[in-house]
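Please open the model in your viewer and keep the selection tool at hand. The stops below say what to select next and what is there.

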Amino acid sequence: MPNAVIDLFCGVGGLTKGLELANLNVVAGIDINETCKFAYERNNNAAFISADITTINVNDINDMYPNDVTKILVGCAPCQPFSKYTQRYRKGGHTDNKWRLLYSFSDIVRQIQPHIVSMENVPELRSENVFQDFVSMLEELEYNVNWEIVYCPDYGVPQKRKRL
């Protein structure tokens, strides 16, 4: 069966490019930052949709999937709220709402129920309630959930860092 991927928090399209190189059919990338559009569309074969996933109509996302495909939804929510670098600045907790975006991703998954869901972020996210809630939501929907911390060079990524 053919596949179709929608990339949430797509930015300039690094994940989309990797998915395309793996022969997956990315139909759209969605990001709130309109300045990413030129680079995203220039370097990828997918449409850039400028939208806030906290307010986007989920039916609009679902309508982007063609009929009779394996629906794949991927997302790399902003990592700044969870990174080691910012931990020292949030002794009193999270000070912006970016950390809540994984809940918006969860809401979209819950409503669309794609065949495959994938996300990545910084390793520190694993100890946050929002991540535990995300995993629980996937398990409640009976997804086969697997997560781990990986070292990027082991996967051909030219960055000496770990990712969740």
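**Where two helices meet**

Begin by selecting L102, Y103, F105, S106, V109 and R110 in α5, which meet N129, V130, F131, D133, F134, M137, L138 and E140 in α6, where contact means heavy atoms within 4.5 Å. By class, this contact of α5 with α6 holds nine nonpolar, two polar and three charged residues, with Ala, Val, Leu, Ile, Met, Phe, Trp, Tyr, Cys and Pro counted as nonpolar, Asp, Glu, Lys and Arg as charged, and the others, Gly among them, as polar. This is a predicted model, in which local features need pLDDT of at least 70 and side-chain atom pairs count only at pLDDT 80 or more, while totals for chains, interfaces and linings use all residues. Residues are numbered from 1 along each chain as its sequence is written, and side-chain values use heavy atoms, with hydrogens and water left out.

Now show the whole of α5 (residues 101-112) and α6 (residues 129-140), whose axes come within 10 Å and cross at roughly 5 degrees. Helices (H or I, at least four residues) and strands (E, at least two) are DSSP runs, numbered from the N terminus, and axes are lines fitted to C-alpha atoms, for helices over the stretch in contact, with angles from 0 to 180 degrees between N-to-C directions. The two helices α5 and α6 are therefore roughly parallel to each other, a term for angles under 35 degrees.

Staying in α5, select S104, which at 12% relative accessibility counts as buried, meaning under 20% relative accessible area, whereas exposed is over 50% and partly exposed lies in between (1.4 Å probe, protein chains only). Leaving aside residues up to four places away in sequence, S104 touches I53 and T54.

**The sheet**

Next, colour the strands: an open sheet of five has the order β3-β2-β1-β4-β5, with parallel pairing, and two strands pair if DSSP finds at least two bridges between them. At the edges stand β3 (47-50) and β5, each with a single partner strand, so one side of each is left without a neighbour in the sheet. From one strand to the next the twist averages 20 degrees. Helix α5 packs on this sheet, where it touches β1, β4 and β5, and its direction makes about 175 degrees with that of β4.

Select β4 (residues 70-75), of which five of the six residues are buried, so this strand is largely enclosed by the rest of the structure. Strand β1 (residues 3-8) pairs with β4 in the parallel sense over six bridges, and V5 stands opposite I72 in β4. Four bridges join β4 to β5 (residues 116-119), again running parallel, and the bridge partner of V74 is S118 in β5.

**Two loop residues**

Most residues other than glycine have a negative phi. Select D68, in the loop between α3 (58-63) and β4, which has a positive phi of about 55 degrees although it is not a glycine; at 66% relative accessibility, D68 counts as exposed. Then select Q113, in the loop between α5 and β5, whose phi is also positive, near 50 degrees; at 47% relative accessibility, Q113 counts as partly exposed.

**A charged pair**

Which residue forms a salt bridge with E120? Select R163, whose closest N and O atoms with E120 are 2.7 Å apart, a salt bridge being a side-chain nitrogen of Lys or Arg within 4 Å of a carboxyl oxygen of Asp or Glu. This pair links distant parts of the chain, with R163 in strand β7 (residues 162-163) and E120 in the loop between β5 and α6, 43 residues apart. At 11% relative accessibility R163 counts as buried, while E120, at 25%, counts as partly exposed.

Notes:
Angles under 35 degrees count as roughly parallel, over 145 as roughly antiparallel, 65 to 115 as roughly perpendicular and the rest as oblique.
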